[in-house]
Structures are given as C-alpha cells and as structure tokens.
Amino acid sequence: MTIDPHLIKEIENIIESKIEEKVKAIQIKYLKENFLTRDEFLDAMERIDERFNAIQKQMDDRFNAMQKQMDDRFNAMQKQMDDRFNAMQKQMDDRFNAMQKQMDDRFDRVYERFDAIDIGYSDVVEGMGYSIVKREFKNRGLNVDLQIRQHFTDKEHFVHPDTEDVEIDIFHINPNIIGEATLKITELDKIRTFIKKIQFLEKTYNMEFQRFFICFKIAEKIKEDVLTLLKKYAIELIVPQHE
C-alpha cells in the first residue's frame, strides 16, 4: 500500500508545527521562571528607583541635619567670639574714655588755677609764652618784633559797649598782623569780640590785617562752631605745639 506523499508532507508539517509550539511554550515557561518580563522589569526598576530615592532622601536629611548642627555650632562660636570682642572693645573704650576724662580734668584744673589767680594769656606771652608765639609766627615766615598788649581808644564803643579801651594781644604794622591769645576757648563770645576788634582796627587804619587766634585748647562742645566762625572771617587758628 502506497502512502500519498502529499499526506506525508502534511503530517510532517503538522508534527513540525506542534513541536515548534511545544518548544516555544517550553521557552516561554523557562524565561518566565528565570527572566523578568517587560512589565516585571519596569516594576523592578520602579522599586529600585523608589529605594534609591528613599536612600537619597535619607542621606540628604542626614547631611542637612549635620550641616545645620555645624552651622549652629559655628554661629554659637561666632557669637561667643563677637561677644568677647565687643566686651573687650567696650573695656578698652571705657578705659580710654576714663583716661581721656582724667587728662581733660587735669587740664581743666590747670586752666582753673590760671583763672583763679586772674592771670591773662598776655601775661604769659610776655614771659615764657612769648617765645612760643614768636616761634609759631616765624614758622609762618613772619619773623617780626611783635607788639604785645597794645591799647586803642574806641570812642564809638564799637567793640565794647561799656568802655572805650580796646586791648589787642598781638599787633604789628608792615606786615599788618593782629592776633588774639588765650589759654582756652569755652564760649564763642571771645571769638565774636575779636572779630569786632579786627573790624575796628581795619577801619581805623584803613587797611587789612592778617588775622590770628592763638589758644592751647578749645572746649569740645563748641569746637566745630569755633572753627566755622574762624574760617568765615579768614582767621588762622594757631594751637602751639610742644617741641
């Protein structure tokens, strides 16, 4: 009995197809057992990302906590250093101010002693102080024989309302020099009176004078006003320096 070759071929195809399906089924089963599917892979990756993010957040939180702790310790240390520096600065300022006050008080007592014995600066100029004043003028190119305590008559009472006598501490003609000398300035009236003396003499002689105001100390509370007034009337301030 002869079998139809076409039938044999059909049977072979069917067998081959069944075997192929069986092999594929076995492969799929094997892959499922040993490998991840796409969805499983994506799910695994998502879980890995979540764990990584959780670890990253934990690390960030620990780092931020450590950073805050370090900042707090640094700020505390900085504040402690600032407090100590400010305390030291205040202590130094207090000691300096106390020393300055002590020096000012001692100078004030010296001036008070001069006032108590009713001695004018012009008297000092005639003695030891004259050389100091002469030196100051010489330093300014005015090496002249100064006339001390000159008196002038002011019949119109322009300078003083209660007297005609006008006393000029320092006076010189050619070069024309007028100066007022005092130990300490405590009020602006002394400057204003000197300005009137300048105006009186310049009117009397019909000429201009170089103007000088000489003193050892100016009260701090009026110092700025004194300097402004002197500048306004072109009066040079001379504060004698020790050599």
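Strand 1 (residues 147-153) and strand 2 run antiparallel and are joined by 6 bridges. Strands, like helices, are DSSP runs numbered from the N terminus; a strand (E) needs at least two residues and a helix (H or I) at least four. Two strands count as paired if DSSP finds at least two bridges between them. The model is predicted: local features need pLDDT of at least 70, side-chain atom pairs count only at pLDDT 80 or more, and totals for chains, interfaces and linings use all residues. Residues are numbered from 1 along each chain as its sequence is written, and side-chain values use heavy atoms, with hydrogens and water left out.

Strand 2 is mostly covered, since 6 of its 8 residues are buried. Buried means under 20% relative accessible area, exposed over 50%, and partly exposed in between (1.4 Å probe, protein chains only).

Strands 2 and 3 form a hairpin with 4 residues between them. Asn174 lies in this loop. Its phi is positive, at about 55°, although Asn174 is not a glycine. Asn174 is exposed, at 67% relative accessible area. The peptide bond from Asn174 to Pro175 is cis, with omega near 5°. Pro175 sits in the loop between strand 2 (165-172) and strand 3 (177-185).

A positive phi also occurs at Asn206, again in a residue other than glycine, with a value near 55°. Asn206 is placed in the loop between helix 5 (189-205) and strand 4 (210-218). With a relative accessible area of 70%, Asn206 is exposed.

Phe63, Met66 and Met70 make a nonpolar patch of about 310 Å². Patches consist of residues with over 30% relative accessible area and no salt bridge; like charges are joined within 9 Å, and nonpolar side chains (Val, Leu, Ile, Met, Phe, Trp, Tyr) within 5 Å. A salt bridge is a side-chain nitrogen of Lys or Arg within 4 Å of a carboxyl oxygen of Asp or Glu. Accessible areas come from the Shrake-Rupley method with a 1.4 Å probe, and for residues only the protein chains shown count as cover. Met70 belongs to helix 2 (residues 38-116). Met70 counts as partly exposed because its relative accessibility is 47%.
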